[in-house]
Protein chains: 2
Amino acid sequence: MQGTLSRATLGRLPMYLRYIRRTNTDKISATQIAKDLGLGEVQVRKDLASVCAEGLPKVGYPVSALRRDMERALGVNVPVSAVIIGAGKLGSALMEYDGFADYGMKIVAAFDQKASALPDRHGCIPVYPMDRLSGFCASQHVQAGILTVPASSAQSAADVMVAAGLTAILNLAPVQIQVPSGVTVQQEDIALSLAYLHMAASEA
Amino acid sequence: MQGTLSRATLGRLPMYLRYIRRTNTDKISATQIAKDLGLGEVQVRKDLASVCAEGLPKVGYPVSALRRDMERALGVNVPVSAVIIGAGKLGSALMEYDGFADYGMKIVAAFDQKASALPDRHGCIPVYPMDRLSGFCASQHVQAGILTVPASSAQSAADVMVAAGLTAILNLAPVQIQVPSGVTVQQEDIALSLAYLHMAASEA
DNA sequence: GTATAATCGGTATATCAGAATCGATAACCG
DNA sequence: CGGTTATCGATTCTGATATACCGATTATAC
């Protein structure tokens, strides 16, 4: 069951998990979730069925079991360490973002070219100069990095990340970066979402 | 032709546009673009064909025509105005984000509850108190807004945006917001990306 | 106890993006 | 002037995803 999670389904699981965590009842139906989240009822049922087999007709899913299975599917019980590359406004905002722990992600440090000019710590997260990235990732076994530098330096920063041994990169800069095979890149372009949104809005 | 742009294609267009703008020849082939950008040749050709019909065998596309059609497809020539709601760290970061112009988006102002305590301007973008939102959007014909307030106040902020006449909302807060029909909401949850990143990191 | 309603889970169909293939066309070369 | 080569554009194919449908199951109402 768990090996057959499609990419699209996986993308919706955090949404369900967030919903489930805020639910106070002990049973929840796919129908209700679909209504509250604005998704198709069938799609939600299929997604839930792919991670949890304890659904009962007329009742729905036991919230505790559903939450347990979903957290397991997402691997939030096995925390992954990540670093932030780029301690500018966006990087700083992410350091204060409180949603990382909810999904098993722990920000352990940030790195920036101008780190010596910055205070050593930002909140509870240390900020180091870039040349310490490689050593840090090796000693702490960090594999994931969030890239928040400007577009102009995104590729060179990504090269440094790859050289430091990171194998998973979340790129928030509005450019496509080239990485060798074996490194996963997740592109997250906010401007693209806005453009798509407006296109969809003006079509109707 | 132009109405059938998929999201994936739309996301690649700025990459092509950047490439084209840097090109100094007067003809360019899809094959060459694909090679330089590390994409599939067929995919590039299909993308280009969806916005420009002036490709010639053996020659490629006239750069000027391709650039013109691509800029038109992206709406760069008819920029869409958008406002940012919430001038905290994330909002400030977005004001400096340089990817909006790639899609013909222009951030014209930001609004915040505590605007009186803030400097009037943030870079070149003015920051106003929330109660001026409605008048501003009406006079400037703004239809799109980016919501960057904390989760706890996202819904009330969204209500204000709807009341101000915005019809397209990009919600960056990790909560689902309810809006009346006729208003399009695009949810952009960084947690969704994190989940994918988590999976990629723990696979290796 | 039986009927009814609501929900799950699986199967089948439709839709869509991406990849591969193929014919057509235009420049280049002998 | 004919052949070769490079490139486009259309068609087809495939894999993935979303939707629709249907049988099975369980609580509830009468």
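Reader: In this predicted model, which residue of chain A forms a salt bridge with B:Glu96?

Author: The count between chain B and chain A is three salt bridges. One of them involves B:Glu96. Its closest N and O atoms are 3.0 Å apart, within the 4 Å cut-off. The partner is A:Lys89.

Reader: How many residue pairs are in polar contact between chain B and chain A?

Author: Salt bridges between the two chains number three. Polar contacts are counted separately, with both residues at pLDDT 80 or more. That count is 16 residue pairs.

Reader: Which element gives the most to the side of chain B that touches chain A?

Author: Several elements of chain B give two or more residues to this side. Among them are helix 1 (7-22), helix 5 (89-95) and helix 8 (190-203). Strands contribute too, including strand 3 (80-85), strand 8 (168-171) and strand 9 (184-187). The top contributor, with 13 residues, is helix 8 of chain B.

Reader: How many residues on the side of chain B that touches chain A are nonpolar?

Author: The contact takes 54 residues from chain B and 56 residues from chain A. On the chain B side, eight are charged and 15 are polar. The nonpolar residues number 31.

Reader: How much area do chain B and chain A bury between them, and which three residues of chain B supply more than any other three?

Author: The buried area is about 4900 Å², with 69% of it on carbon and sulfur atoms. Three residues supply 14% of the area that chain B buries against chain A. They are B:Tyr196, B:Leu197 and B:His198.

Reader: Now the DNA. Which residues are closest to DNA strand D?

Author: DNA strand D is surrounded by 20 residues. They divide into nine nonpolar, six polar and five charged. The closest are A:Ser6, A:Arg12, A:Pro57, B:Ala30 and B:Tyr61.

Reader: Which residue has a polar side-chain atom 3.0 Å from a sugar or linking oxygen of DNA strand D?

Author: Of the atoms of DNA strand D within 4 Å of the protein, 77% belong to sugar or phosphate. A backbone N or O atom of A:Arg7 lies 3.5 Å from a phosphate oxygen. The side chain of B:Arg45 places an N or O atom 3.4 Å from a phosphate oxygen. The sugar or linking oxygen is approached by B:Lys58.

Reader: Which element gives the largest share of the surface near DNA strand D?

Author: Both chains take part in the surface near DNA strand D. The largest share is three residues. Those three come from helix 1 of chain A.

Reader: What about DNA strand C: which residues come nearest?

Author: There are 22 residues around DNA strand C. Eleven are nonpolar, six polar and five charged. Those that come nearest are A:Ala30, A:Pro57, A:Tyr61, B:Ala8 and B:Pro57.

Reader: Which residue has a polar backbone atom 3.3 Å from a phosphate oxygen of DNA strand C?

Author: Two side chains first. A polar side-chain atom of A:Arg45 lies 3.4 Å from a phosphate oxygen of DNA strand C. For B:Gln43, the side-chain distance to a phosphate oxygen is 3.5 Å. The backbone atom at 3.3 Å belongs to A:Gly55.

Reader: Which element gives the largest share of the surface near DNA strand C?

Author: Chain A gives two or more residues from each of helix 2 (30-37) and helix 3. The largest share, three residues, comes from helix 3 of chain B.

Reader: Which strands stand at the edges of the sheet in chain A, and why is one side of each left without a neighbour?

Author: Seven strands form an open sheet in the order 5-6-4-3-7-8-9, with mixed pairing. Each edge strand has a single partner strand, so one side has no neighbour in the sheet. The edges are strand 5 (121-122) and strand 9 (184-187) of chain A.

Reader: Which residue stands opposite A:Asn171?

Author: Strand 8 (residues 168-171) of chain A pairs with strand 9 of chain A in the parallel sense. Four bridges join this pair. In strand 9, the residue opposite A:Asn171 is A:Gln187.

How values were computed. Residues are numbered from 1 along each chain as its sequence is written. Chains are lettered from A and ligands numbered from 1 in the order in which they are written. This is a predicted model: local features need pLDDT of at least 70, side-chain atom pairs count only at pLDDT 80 or more; totals for chains, interfaces and linings use all residues. Side-chain values use heavy atoms; hydrogens and water are left out. Contact means heavy atoms within 4.5 Å. Buried area is the accessible area (1.4 Å probe) that two parts lose on being put together, summed over both. A salt bridge is a side-chain nitrogen of Lys or Arg within 4 Å of a carboxyl oxygen of Asp or Glu. A polar contact is a pair of N or O atoms within 3.5 Å; within protein, one must be able to donate a hydrogen and the other to accept it, and residues adjacent in sequence count only if both atoms are side-chain atoms. Ala, Val, Leu, Ile, Met, Phe, Trp, Tyr, Cys and Pro count as nonpolar, Asp, Glu, Lys and Arg as charged, and the others, Gly among them, as polar. A residue is near a molecule or strand if one of its heavy atoms lies within 4 Å of it. Two strands pair if DSSP finds at least two bridges between them.
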